[in-house]
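Me: I would like to learn how to read a few features of a protein model. Could we go through them one at a time?

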Amino acid sequence: MLARSKITGCLYAMKIIHKGKIMMEEEDPMGNMNDEELTYRNMYRVKQIISERNIFSRLNRDPNPFIVKLHSAFKSKNYLYLVLDLCPGGDLFSLIQKHK
């Protein structure tokens with residue numbers, strides 16, 4: 001999502017993650033997942049999100065012009081938010097796929 005600072009007017013990319021969609025509550029469509037596997041997958045998803053935020057925070061300590069900067073991270077009752085540098089033109093993965 002595109003966001004604009006009310007103070008500076010700068011544009012940012014805002015990654016919004018719905019808390020309810022992080023956790024899987026039901027079995028997979030094939031019905032092959034037991035409770036233990038479901039718990040493991042949920043813990044893995046939470047760990048991925050925490051890791052993403054921590055990696056961005058560590059990268060901010062030694063800024064690099066080729067790495068997106070995390071400007072802020074916060075939460076509300078239902079969502080997690082990451083405010084990042086805006087990189088107009090899309091993500092690198094999509095660009096690579098387009099030109100293969």
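Reply: Gladly, and let us begin with exposure: a residue is buried under 20% relative accessible area, exposed over 50% and partly exposed in between, with a 1.4 Å probe and protein chains only. This is a predicted model, so local features need pLDDT of at least 70 and side-chain atom pairs count only at pLDDT 80 or more, while totals for chains, interfaces and linings use all residues. Residues are numbered from 1 along each chain as its sequence is written, and side-chain values use heavy atoms, without hydrogens and water.

Me: How many salt bridges does a search of the whole structure find?

Reply: Side chains of opposite charge can pair when their charged atoms come close. The cut-off here is a side-chain nitrogen of Lys or Arg within 4 Å of a carboxyl oxygen of Asp or Glu. The whole structure has two such salt bridges. In one of them, Glu52 meets Lys15, with the closest N and O atoms 2.8 Å apart. Glu52 lies in helix α2 and Lys15 in strand β2, so this pair ties together parts that are 37 residues apart in sequence. Helices (H or I, at least four residues) and strands (E, at least two) are DSSP runs, numbered from the N terminus. Lys15 is partly exposed, at 33% relative accessibility.

Me: And which side chain does Arg41 meet in a salt bridge?

Reply: Arg41 pairs with Glu37 at 2.9 Å, N to O. These two are four residues apart in helix α2, so about one helical turn separates them. Arg41 is partly exposed at 34% relative accessibility, and Glu37 is partly exposed at 30%.

Me: How should I read aromatic pairs, and how many does the structure hold?

Reply: A pair of aromatic rings is described by the distance of the centres and the angle of the planes. Rings of Phe, Tyr and Trp (its six-membered ring) pair if their centres lie within 6.5 Å; planes under 30 degrees apart count as stacked, over 60 as edge-to-face and the rest as tilted. The structure holds two aromatic pairs. Phe74 and Tyr81 have ring centres 4.8 Å apart and planes at 20°, so they are stacked. Tyr79 and Tyr81 have centres 6.2 Å apart and planes at 45°, so they are tilted. Together, Phe74, Tyr79 and Tyr81 form one aromatic cluster.

Me: Is Tyr81 buried or partly exposed?

Reply: Tyr81 is buried, at 17% relative accessibility. Phe74 is partly exposed at 38%, and Tyr79 is partly exposed at 30%.

Me: What lines the largest pocket?

Reply: Rolling a probe the size of a water molecule over the atoms shows where empty space is left. On a 1 Å grid over the protein atoms alone, a pocket is an open set of points where a 1.4 Å probe fits, with protein on both sides within 12 Å along at least five of seven lines, and lining residues have an atom within 4 Å of a point. Its volume is the space filled by probe spheres set on the points, which are joined across faces, edges and corners. The largest pocket holds about 260 Å³ of space. Its lining includes Lys15, Phe56, Val68 and Leu84. Strands β2 (11-18) and β4 (79-85) each supply at least two lining residues, and the largest share, three residues, comes from β2.
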